[in-house]
Amino acid sequence: MISLTRRSWLTLAVMALLAVLPPVFYLTGNPYYLDLATRLAILAIAAVSLNLILGYGGLVSFGHAAFVGLGAYAVGIPAHHWLYGGLDFLATTSGLVQIPLAVAVCALFALVTGAICLRTKGVYFIMITMAFAQMIYYLIVSIEEYGGDDGLVIDTRSELPVVNLDNPLHLFGLSYVALVVAMLLVRMIVRSRFGMVLQGAKGNPERMVTLGFNVYAYRLTAYVISGAMSGFAGALLGNFTTFISPEMMDWSRSGELMFMVILGGAATTLGPVLGAIVFIVAEEALSSFTIYWHLPFGLMLMAVVLFARGGLMGMLRGRGEDRE
Amino acid sequence: MDFSLLIIQALNGVQLGLLLFLVASGLTLVFGILDFVNLAHGSLYMMGAFICASLTFLFGSFVLAVLVALPLTGVLGFLVERFVARPLYDRDHLDQVLGTFGLILVLDTLAHLIWGPAGIAVPLPGWLQGQIAMSETLVIPTFRLVIIGAGLGAAAGLFWLVNHTRLGMLIRAGASNRTMVSALGIDIQTLFALVFALGAMLAGLAGMLIAPITEASIGMGNNIIITAFVVIIVGGIGSMKGAFIAALMIGLIDTMGRSFLDDLFKLFMSSDAAENSAPAVSAMLIYIIMALVLSLRPQGLFPPRTR
Amino acid sequence: MKTFLTLTLAASLMSTAAWAETVKIGFVTTLTTGAAVIGKDMQNSVNLAVEHLGGKAGNLDLEVIFADDGFAPETGKQATDKLVKQDNVDFVAGYIWSHVLLASRKSALDAGKFLISANAGPSQIAGKLCNENFFSTSWQNDQTPMAMGEVLNRQGVKSLYVMAPNYAAGKDMVSGVERTFKGEIVGKDLTKWGADAQLDFSAELAKAKASGADGLFVFYPGAAGGAFMKQYDQAGLKDMLPLYSVFTVDALSLPKLQAANLTGVLGSRTTQEWDPTLDNAANKKFVADYKAKYGAYPSYYGAQSYDAIMLIASAVAKVGNTTDKDALRAALKAADFDSVRGNFKFGTNNFPVENFYLREAVVDADGVWTTKVVETVFEDHIDSYAADCKM
């Protein structure tokens, strides 16, 4: 019990710092660090959603960046038509249309691809999720209208009531709140009966089947929820970068999301967020020292995998204690 | 459509397929026997190309360079096995994917540090430089035929090794029952290391063969590794026969797609639309095939027998 | 994490204090991936320019901060954001790739910075998206292939096969040659580009040969150029399908081709706005010092980067500070500096109005493979999009 409390305190402390520090930087004349924190919060949402299926469900999706990219294009494409005409039924700058669209498109994509992917197991699953992501990548590349390989500049951000996304503080605030909601949502799911079945199926799917659960349906549902949440993160990312390109869906981006989850600690509430923080800060710090920053970065990655089992949260957890 | 063009493209497809097989065979060996996912296998392909490029300038002979570079890549594979792969054998695939993903970053950056960003063009001896005229319209660069020959030779050697030697017998036995082999008193560690080094040499050979055509360049492995994974997944992990058939299939489909898809599309869409969509669709083709195969046969075309 | 942020906070406060007496130039180029060979040439030339200027622009110290775009528009945009927001640069310069420039454009211009392209010249920015704070020291993408189209007409080429990478500049290059070439384009291939670009052109070359065209027009910048030339040479197409290239045979690919002894490239022709043999004092100094310092010929990427720094320095020296944006803009537009391509003047859309030359790959007196000017194709050429620019 004591350690649980300790971890809860840690979670609260990290989240509080993440809420307070970036605006302080912004107000003291360092707007770049607010940007960095916004990117971090958005990627953390994607990592939290990946954690639901990867950490708790044991489903290693190697194509999660596709959901993020699709979500971003769901913002960019309506905005593009609003500015340049064509496809009137799609043309809008309203975030109240764009963001639900992003979530819906990703949920649908997750449903269709998940239905196929979840028939496979183990490394076949890893590779087929990647294959679907590559397909979306090349599909976007082929659509000349939306810039193809060159990507698409989003000239106007989503219009939402109350918040103005052109204001970096508002954008950060929205991303931060969304991150907290995502964390709570995943926590709630995991602690529900649904979550118990999902986690039970991770270790021993046959047993869950024997117990009368339709493991396939449970997993597919989790996959769809996870994809939809990543789509939401993508919609935010599109608004943040105001530029989207197929490169966002590259397999190495999916690998980075996986790394965030593992680095922080899979199947923990704070883990993916912590992973995203360390990832973004390390990338930023190392790349400002040397253009060869991938070398220490790669070594760090290998060291984490080889020596820090359970990620940062695993290191923080006392020995012999159970997972939360 | 021009018949000789069809033949040339078919040969180009076979050449690509054989190169893919060289990379994929190592991958599928390591995967099938060691149950180890090695994303960094493509980096060994890149290192093979770079080492061979340097040696070509040192010796002034491409052929000699290949002969020396082959064992060197084997040694490199041995080192990777010892320090990165071995500690990850009893981890899940996720850890292996991430660990070797890190290794890709390290090896790519090392190549950048050692050889610079420019990439190296590898000179060929004169007798490999020219073309062979099969007929009036059918002229093929000699080196492309050499690649096909070398690829077929390596494939034949590999099949012989796996099916007709003691080492191959152990490899096959190790693939289906690891504990059994070690119970027989075989040094399983050494066997694994040998298999890994063999895979590295095959990937390195592919890199050496492609370097004179494109060049040795940073990140060249990241391009082929994903395709090689598609090959072994489609073929069925651990199946050498599956890898061979899938590699040729993917190589042919990819090349044919790039050559003839726009003409095909022009039959039912505007010329501009065809020219724009054909490259992307041909790039998607192999993934579509993979998804199709897996949705029908979740373990690939030639699933391994019981594990 | 906290210490790191505190440290960087302190560092950035210090840099703000030092900002008053220096002019800061952020230079975005490709320093990683295979395309870093271009970035390296640009970086060398920028450093040489700063050296020639004695590290000063008038009374102000010159400071150049290099940033890597990783050959990807998203990364390039991030790098630009950082230069603008964190390093608070006065000028953002560089940009090899059109798609990177298009993605980064808003970040620099919306922040009120001057944006100087040392290479990329996408049609949009020359036309509809032109901006008073954007300047180019290179060309609009279409211009160089337009010059090549003109050369093809003069040489009586009737049919052409076209190959280019599938990205913004690739498409501009194709439309450029189509604009002036009067014969028939019998086939066209756009190949995959980016960090995992397609480098084996066997399928495309076979198609080009089968098309029976009089000539082959290609655009393969950077490392892809070397790979393309080798395969063209190996396929033995030299006599059957003469090559007319832009941005492919250059000071970056020639040394590699020479090392591999691919003599097929010698004699091949390409159009360009600059050449190491151009006869003016600034160019002689640039080429000689570059060769002395880095042991190779500079490329046009380098020449354009050198000009970009010289242009910025001339404007800052004239105005004497970096705060009077209107005066700086006027001084940039005046382009009062010794360009390595001789006279230098801007058109209405802030792209140069300049000559284009036909160059040939040759062996120089020291046995090094390089290029020389054969003839002038266009004089004081204005790009085709200038009319769309409302400024």
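A residue is called buried here if 20 or more other C-beta atoms lie within 10 Å of its own, exposed if 12 or fewer do, and partly exposed in between, with C-beta atoms placed from the backbone. The model is predicted, so local features need a pLDDT of at least 70 and side-chain atom pairs count only at pLDDT 80 or more, while totals for chains, interfaces and linings use all residues. Residues are numbered from 1 along each chain as its sequence is written, and chains are lettered from A and ligands numbered from 1 in the order in which they are written.

Let's start with the backbone. Most residues other than glycine have a negative phi. Two residues go the other way, and the table sets them side by side. Helices (H or I, at least four residues) and strands (E, at least two) are DSSP runs, numbered from the N terminus.

| Residue | Phi | C-beta neighbours inside 10 Å |
|---|---|---|
| A267(A) | near 60° | 22 |
| N88(C) | about 50° | 18 |

N88(C) counts as partly exposed because it has 18 C-beta neighbours inside 10 Å. You will find N88(C) in the loop between helix 3 (73-85) and strand 4 (91-94) of chain C. A267(A), with 22 such neighbours, counts as buried; its loop runs between helix 10 (251-264) and helix 11 (271-289) of chain A.

## Chain C as a whole

Chain C holds 13 helices and 13 strands. Its radius of gyration, taken over C-alpha atoms, is 21 Å, which agrees with the value near 21 Å for a compact globule of 391 residues; the globule rule is 2.2 Å times the number of residues to the power 0.38. The C-alpha trace spans about 65 × 45 × 45 Å along the principal axes of chain C. Of the 391 residues in chain C, 63% are buried.

Two residues are in contact if their C-beta atoms, placed from the backbone, lie within 7 Å. Among contacts in chain C between residues at least 6 apart in sequence, 74% link residues at least 24 apart.

An automatic or database domain assignment sets the domain bounds. Chain C is split into domain 1 (2-139 + 279-352) and domain 2 (143-272 + 355-388). Their centres, taken over C-alpha atoms, are 27 Å apart, and 27 residues of domain 1 are in contact with 21 residues of domain 2. On the domain 1 side, helix 2 (36-52), helix 4 (98-110) and helix 5 (123-126) of chain C each give two or more residues.

## A sheet in chain C

Two strands pair if DSSP finds at least two bridges between them. In chain C, 6 strands form an open sheet with mixed pairing, in the order 2-3-1-4-5-6. Strand 2 (56-57) and strand 6 (134-136) are the edge strands, each pairing on one side only. Strand 1 (residues 22-29) runs parallel to strand 4 of chain C, and 4 bridges join them. V28(C) stands opposite G94(C) in strand 4 of chain C.

## Where chains A and C meet

This contact takes 20 residues from chain A and 25 residues from chain C. Helix 2 (31-56) and helix 11 of chain A each supply at least two residues on the chain A side.
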